[in-house]
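Subject: Structure for you to look at

Hello,

Here is the structure I said I would pass on. Please open it beside this email and follow along as you read.

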Amino acid sequence: MRPSPTSVSRLTRIVAAGAACAALAALSACSSGGSAQHHTDEALGSKAPARPQQPRQQAADALPGMPPVLDAKDVYAADRPNRLSDVVKDFPSRVYVPNTNSNTVTVVDPRTYKVMETIPVGRQPQHVVPSWDLKTLWVNNDLGNSLTPIDPKTGKAGKPVDVHDPYNLYFTPDGKYAVVMASKDRQLVFRDAHSMERVKTLPVTCAGVNHADFSVNGRYFIVSCEFSGELLKVDTAAMKVVGQQKLAFHGAMPQDVKMSPDGKRFYVADMVADGLWILDGDRFGKPQFLYTGKGAHGLYVSRDSREMYVSNRGEGTISVFDFAQHKLTKKWRLPHGGSPDMGGVSADGTVLWLSGRYNSEVYAIDTRTGKQLARIKVGSGPHGLAVYPQPGRYSLGHTGVFR
């Protein structure tokens with residue numbers, strides 16, 4: 001998200017939140033599937049070596065070429081603490097911070113909380129995105145109309161690739177295509193996942209396509225349109241919009257999108273409505289709403305698939321949502337405030353890293369206590385930072401959505 005919107009009246013929020021309370025009762029069937037019970041030896045911070053992972057059950061009618069899910073009840077089963085794939089296990093642990101106003105990427109050592117170097121990139125870098133095959137980090141230079149590749153093994157930047165209006169970047173679950181969220185162009189652009197050659201351009205009628213997540217079988221993905229307050233449902237294989245709806249909140253500004261571990265619900269952060277829209281993706285009916293805090297923005301799932309962290313950029317807090325209980329259980333406040341935005345969870349699951357969009361800083365937060373561990377100065381306008389490497393077999397894009 002670029003500029004901060006005007007505040008929504010408190011009265012309007014109270015009405016929306018009140019309606020949400022009644023609506024949430026109807027969603028009590030939502031569950032994490034008890035996946036954490038299958039991983040009792042994998043508590044956060046565990047250093048146990050990774051065991052071979054075998055698919056337990058393929059998702060029904062899965063997208064051809066998509067790797068089978070490891071657990072039909074938990075799409076994040078491959079993301080357990082420290083279970084790095086062979087592709088990334090020797091990569092140094094780093095935090096890559098794109099600074100939209102400075103046109104740089106700040107590289108932070110997460111162990112010492114020290115800035116290691118600053119990499120010049122193209123104009124207005126918005127997100128640092130891990131490629132589907134985990135081998136490359138793509139810096140989305142939105143106004144520079146390019147993608148800068150970074151080799152996460154060496155930390156060196158390569159020659160930029162010409163790509164128009166790359167506000168955000170995702171990858172189809174079969175690894176064939178990159179999906180460029182061309183926000184200003186009002187397009188979803190499907191490109192070859194490796195060469196970035198254009199394959200198909202999909203014009204959309206909403207404004208500000210920015211974030212997305214894929215269904216458990218990979219057959220469709222839900223897209224947020226921040227400037228028109230809409231959601232899209234896109235058929236992955238057909239590369240076409242099959243559903244579109246306007247959110248029932250005046251001035252709605254949907255942001256990050258994340259699926260529940262069991263695949264039954266999608267959660268969409270809204271920085272003007274100040275909370276989460278909760279949607280049945282298959283039916284694509286009208287979503288319910290849950291108030292979390294002012295400026296709800298980024299969504300990140302814990303390594304045990306039990307919780308989701310919601311960054312509330314407008315009030316300097318992080319709300320913690322429990323999937324099994326289907327409710328908020330905690331709220332963490334940053335000391336002296338801040339503007340927590342986008343980021344990711346450390347490989348061992350113990351630290352949540354978030355950019356401070358309007359404070360030229362990043363935050364390291366202990367996921368066990370909510371305590372701020374570090375506040376590190378970076379460039380101006382830090383946005384979609386990537387913690388890398390992370391567990392998972394492949395990346396769906398953004399700042400690191402792994403399956």
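Is F266 buried or exposed, going by its relative accessibility? F266 counts as buried, because its relative accessibility is 0%, and buried means under 20%. Please keep in mind that this is a predicted model.

Aromatic pairs

Two numbers come up in this part. A pair of aromatic rings is described by the distance of the centres and the angle of the planes. The count comes to 13 aromatic pairs. One of them is formed by Y113 and W353, with 6.0 Å from centre to centre and 45 degrees between the planes, and this pair is tilted. The pair links distant parts of the chain, 240 residues apart. Y113 is in the loop between β2 (104-109) and β3 (114-120), and W353 is in strand β26 (residues 351-356).

W353 has a relative accessible area of 2%, so W353 is buried.

Y220 belongs to strand β14 (residues 220-225) and F266 to strand β18 (residues 266-270), so the pair ties together parts 46 residues apart in sequence. Y220 counts as buried, because its relative accessibility is 8%.

Charges over rings

Y220 comes up again here. K233 lies over the face of Y220, at 4.3 Å from the ring centre. Another case is K258, whose charged end sits over the ring of Y300, 5.8 Å from the centre of that ring.

Where is E226 found? E226 is in the loop between β14 and β15 (230-235). Its relative accessible area is 1%, so E226 is buried. The side chain of E226 makes a polar contact with the side chain of Q255, at 3.3 Å.

Q255 is in strand β17 (residues 254-259). Q255 counts as buried, because its relative accessibility is 0%. Its side chain also reaches the backbone oxygen of M253, at 3.1 Å.

E361 is in strand β27 (residues 361-366). E361 is buried, because its relative accessible area is 5%. E361 and V378 are 17 residues apart in sequence, and their C-alpha atoms are 5.1 Å apart in space.

Pocket and cavities

Rolling a probe the size of a water molecule over the atoms shows where empty space is left. The largest pocket has a volume of about 420 Å³. It is lined by 17 residues, and S93, R111, S346, A347 and D348 are the closest to its centre. By class, the lining of the largest pocket has 9 nonpolar, 4 polar and 4 charged residues.

How many cavities of 30 Å³ or more does a search of the whole structure find? The search finds 2.

The largest cavity holds about 190 Å³ of space. Of the 16 residues that line the largest cavity, K258, V301, Q390, G400 and V401 lie nearest its centre. K258 is the residue noted above for its position over the ring of Y300. β21 (296-301) and β25 (340-345) each supply at least two residues of the lining of the largest cavity. That lining divides into 7 nonpolar, 6 polar and 3 charged residues.

The second largest cavity has a volume of about 60 Å³. Among the residues that line the second largest cavity are M66, V69, L70, D71, V216, R393, Y394 and R403. By class, this lining has 8 nonpolar and 4 charged residues, and no polar ones.

Then go to Q255, which is in contact with E226 and with the backbone oxygen of M253.

Regards

Technical notes: Residues are numbered from 1 along each chain as its sequence is written. This is a predicted model: local features need pLDDT of at least 70, side-chain atom pairs count only at pLDDT 80 or more; totals for chains, interfaces and linings use all residues. Side-chain values use heavy atoms; hydrogens and water are left out. Rings of Phe, Tyr and Trp (its six-membered ring) pair if their centres lie within 6.5 Å; planes under 30 degrees apart count as stacked, over 60 as edge-to-face and the rest as tilted. Helices (H or I, at least four residues) and strands (E, at least two) are DSSP runs, numbered from the N terminus. Buried means under 20% relative accessible area, exposed over 50%, partly exposed in between (1.4 Å probe, protein chains only). A charge sits over a ring if NZ of Lys or CZ of Arg is within 6 Å of the ring centre and within 35 degrees of the ring normal. On a 1 Å grid over the protein atoms alone, a cavity is a set of points where a 1.4 Å probe fits but cannot get out, and a pocket is an open set with protein on both sides within 12 Å along at least five of seven lines; lining residues have an atom within 4 Å of a point. Grid points are joined across faces, edges and corners, and a volume is the space filled by probe spheres set on the points. Ala, Val, Leu, Ile, Met, Phe, Trp, Tyr, Cys and Pro count as nonpolar, Asp, Glu, Lys and Arg as charged, and the others, Gly among them, as polar. A polar contact is a pair of N or O atoms within 3.5 Å; within protein, one must be able to donate a hydrogen and the other to accept it, and residues adjacent in sequence count only if both atoms are side-chain atoms.
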